[in-house]
Amino acid sequence: MRILVTGLGTFWGSRIAQALEQQPEVDLVVGVDTREPRLPLTRTEFVKADASYAILRRMVRATQVDTVLHTHLEADSTRVSGRRLHEVNVIGTMNLLAAAAAEGSSVRKIVLKTSTLVYGSNFDDPYFFRETARRTHPATTPVERSLVEVDALVRDFVDDHPEIAVTSMRFANVLGDDVTTVFSRMLRMPIVPEVLGYDPRLQFVHEDDVTRALAHATAHEVPGTFNVAGPGIITWGEACRAVARRRLALPPVFTGAARVPLRLARVIDIPPEVLSLLRYGRGVDTTAFVDAGFEYRYTTPATVEAFAQARRLERVVGTPPAYEYERDVEAFFRNSRAVVHPEG
Amino acid sequence: MAASPEKPLRLVGDDAGATAAIAPAPDEELTLDELLRVDAWGRSEAVRALARTLYEPVYRHWLRAEWEGLEHVPLEGGALLIANHGGAIPSDAPVVMHGIETELLRPVYGLAENLFRQLPVLGTLWSRAGGVPAHPDNAYRLLHDDGQLVLVFPEGTKATGKLVRDRYQLRRFGRGGFVEIAMRAGVPIVPMAIVGNEEAMPILWKSARIAKLLGLPYFPITANQFVYGPVLGYVLPLPAKFRIRVLPPITFDVEPGLPRYNRGMVMEQAERIRSLVQTEVDDLLRDRRSVWRG
């Protein structure tokens, strides 16, 4: 198996590359990104590219990869601004799909990491979105619009290229020991924000289950679209009680205006799509991916509990220093004859 | 580091899925977390228990609800309960939910217009008390996957927005969506005929213009407002005697799980059930000597 990972410099790209390196049936892992890898990698080749992945076509042909893992879809709009979101998500995916279907391409499988944001969050939503369910209202925020557009691109691609198996995975909000998301940032605050009078049903997926789910879709033939969220639900109030934090009530009207001072004071940036989640929540049906052979390690409540335990430990012992990619060091370990590689 | 991933998981879907009987108050002390725990549908047994305690005097002594044929409500498995609807702010939903939960110790989920969900506090309370937005996917999952009792008023707001002179004249049963859901989920429909709901909060007059302005399905002036005042007149029911007649369950001889069912057959069944309920309502009205004493 020869695998190309997009977004190697993201948390997920690095994580999944690390997991793939361990598997003997994987012959080659090539990663592309604008940024450097975030974790130490032993045999993944890293190529720097621009955000829209214009060089992908050449890379696919040159490396003869059979599988593409597209982790470079941005679902956190606090990290990337509106215009760049479009560039990364829509144009990036467009180039990736074009490269995969180009003449001479050896790609037979594409796995995408997208988000349950494609369903939105509204008062008249079903409580458990199935993969076939449609949004009840059109997308209004840039990140949701771009992911919905990616969805449409993928749908067309599947119709046009039946010879390539596409697995599109919609992940719920992620919590874990290491990953930083809007929700993990909110739950780390001494006073956790909520919208007054609302206590929404939410789902979380553990960061380990995210990597395992991506690895499962890479290793098995599971074409189609799948929701990935820890089974069960938790309310925002329950999640706050699990981390034992007090809550700051945002007003139920003009909530959007209330987030501005919080952002300007650099307390927290709560994007609009998360504000609507704090009001109406979201649940997705998780049976399809389980039927496809995946076993969750964490339910939604267990994910929150694991996060709360990690926070308690962190408060005592602090956070370990983050890994920093150093090109010369990596080149040394990879290429120098001084390094002894164990057999196997 | 984190919770050991190997430790056995408590899959939440499991305890919510079983047709849980309402447990009588346990002896041991519950922690705050357990007390505030909600199920997959946002329903909280603690909030329901509180609501039952508060509503019991209204149910028992004010509306004096009386049941016939309660044995037709199944003690296990999914079933779709349907009934005629009436009253500006209808009392029929809380009466039916309260009655079945206290008599049969089974939770009832009430599907309703999701107007409430947009309101802070009220929306949350409504959901904790067993209200679920009326989306076909929600109904199917509750009935088929979770095997629960689901209460639906097929007439919707067309019934509750009736003027007092139109009372007990059943409106169209929607587009028959409730029949289709029951067919797909493979569960029986249990029809109920209710009297008392219309007189508990009759609408004397309504303004289409104000309703449109406020984005409401109707804006009523109720008889209750002349008794209790302009605000409480939207909350407190008049002491109309409630009678609820449960009819034998209706099952459909179709294959469950299909994405679509024959439109004509669905509409025909919906109309059949509507006229069945109308007949029973008329029958109950024939026997009723007094609105207040029954």
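I count two residues as in contact if their C-beta atoms, placed from the backbone, lie within 7 Å. The model I am reading is predicted.

**Entry 1: chain B on its own**

I began with contacts inside chain B. I took those between residues at least 6 apart in sequence, and 76% of them join residues at least 24 apart. Next I looked up the secondary structure. Chain B has twelve helices and nine strands. Then I checked burial. Of the 294 residues in chain B, 42% are buried.

**Entry 2: where chain B touches chain A**

I turned to the two chains together. On the chain B side, 27 residues are in contact with 33 residues of chain A. I asked which elements of chain B give two or more residues to this side. I found helix H1 (12-17), helix H2 (32-36), strand E4 (131-133) and helix H6 (136-145) of chain B. H6(B) gives the most, with three residues. I also sorted the chain B side by class. It has 15 nonpolar, seven polar and five charged residues.

**Entry 3: two helices in chain A**

Last, I looked at a helix pair in chain A. How do helix H2 (residues 56-63) and helix H3 (residues 82-101) of chain A cross? Their axes come within 8 Å and cross at roughly 35 degrees. The crossing of H2(A) and H3(A) is right-handed.

I then listed the residues that meet. H2(A) brings Leu56(A), Arg57(A) and Val60(A). From H3(A) come Asn95(A), Leu96(A), Ala98(A), Ala99(A) and Ala100(A). By class, I note six nonpolar residues, one polar and one charged in this contact of H2(A) with H3(A).

Note on methods
Residues are numbered from 1 along each chain as its sequence is written. Chains are lettered from A and ligands numbered from 1 in the order in which they are written. This is a predicted model: local features need pLDDT of at least 70, side-chain atom pairs count only at pLDDT 80 or more; totals for chains, interfaces and linings use all residues. Axes are lines fitted to C-alpha atoms, for helices over the stretch in contact, and angles run from 0 to 180 degrees between N-to-C directions. Helices (H or I, at least four residues) and strands (E, at least two) are DSSP runs, numbered from the N terminus. A crossing is left-handed if the near helix is turned anticlockwise from the far one by less than a right angle, and right-handed if clockwise. Ala, Val, Leu, Ile, Met, Phe, Trp, Tyr, Cys and Pro count as nonpolar, Asp, Glu, Lys and Arg as charged, and the others, Gly among them, as polar. A residue is buried if 20 or more other C-beta atoms lie within 10 Å of its own, exposed if 12 or fewer, and partly exposed in between; C-beta atoms are placed from the backbone.
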